[in-house]
Amino acid sequence: MDLSQARAALKAARRVAVLTGAGISAESGIPTFRDAQTGHWARFRPEDLASPDAYRRDPDLVWEWYAGRYRDVLAAQPNRGHELLAELERRKGAGFFLATQNVDGLHARAGSGSAGGELVELHGNLLQARDELTGEVFPLAAPDELTLPPLSPGGQRMRPHIVWFGEYLPVDALDAAQRAFAGAEVALVIGTSSVVYPAAGLAAETLRRGGAVIEINPEATDLTPVATFSLRESASRGLELLLDDA
């Protein structure tokens, strides 16, 4: 498959499934999880801040870290890649499915999930917190009004609504993603290293059932040798090339 064939396949597809990773948000200035370990936080391993054990040991420290990331995410804006995926959803309607490994909420802010398709945040959302007792999810207060640790409307302490090391992805979200990729005529895998499972296995569901997998990534990944077509481009530039005639 070449670029013109990839464009034609995407344009003709009624069912499109997309997986995005940190690469699509890098253009909005959001560092990857490990790249954010700078300054005061450089002395901590990610596992020291993003695991159930870490939270049990020092919830205040964990919340201080996540509150800083929350402020950074709110200051960022969706980029052209996010906007193009929202446009693709408008074209495909109910046949569009987007699963993201990102927790920054930028896809939703760009309009994904609001034009007939479905948006699933596999690893949670930095803009939300979860009641530790009831499991209910609530938006965080504005940064200048946020007290740590935040409390739910019922007065219980809340934890970040994030999937931590050692935790499973939400069953409903993963099941929905696996169904969407299994039924997709075209799958797009954008800005992800394709090494973190189970998300990295979604493209295999599409290939197994005869669909095409198009990868957009500046670097080769574990997916590259089996992808139907790979674009060595940034997320926004790759989507611009694909949607030029989609």
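Modeller: The part in question is an open sheet of three strands in the order β5-β4-β6, with antiparallel pairing; two strands count as paired if DSSP finds at least two bridges between them. Helices (H or I, at least four residues) and strands (E, at least two) are DSSP runs, numbered from the N terminus. The model is predicted: local features need pLDDT of at least 70, side-chain atom pairs count only at pLDDT 80 or more, and totals for chains, interfaces and linings use all residues. Residues are numbered from 1 along each chain as its sequence is written, and side-chain values use heavy atoms, with hydrogens and water left out.

At the edges of the sheet lie β5 (137-139) and β6 (158-162), each of which pairs on one side only. On average, neighbouring strands of this sheet are turned by 45 degrees against each other, direction ignored. Axes here are lines fitted to C-alpha atoms, for helices over the stretch in contact, and angles run from 0 to 180 degrees between N-to-C directions.

Strand β4 (residues 124-131) is joined to β6 by four bridges in the antiparallel sense. Within this pairing, Asp-131 has Met-158 of β6 as its bridge partner, and Arg-130 stands opposite Arg-159 in β6. In general, strands of a sheet pair through backbone hydrogen bonds, either parallel or antiparallel.

Helix α4 (residues 59-75) packs on the sheet and touches both β4 and β6, where contact means heavy atoms within 4.5 Å. The direction of α4 makes about 135 degrees with that of β4.

Strand β6 is largely enclosed by the rest of the structure, because five of its five residues are buried. Buried means under 20% relative accessible area, exposed over 50%, and partly exposed in between (1.4 Å probe, protein chains only).

Burial also marks helix α1 (residues 3-12), in which Ala-6, Arg-7 and Leu-10 are buried. These residues cover an arc of only 100 degrees around the axis, which puts them on the same side of α1; the arc is that of the directions from the helix axis to the C-beta atoms. The buried residues of α1 pack against several elements, including β1 (16-20), α5 (80-92) and α9 (235-243).
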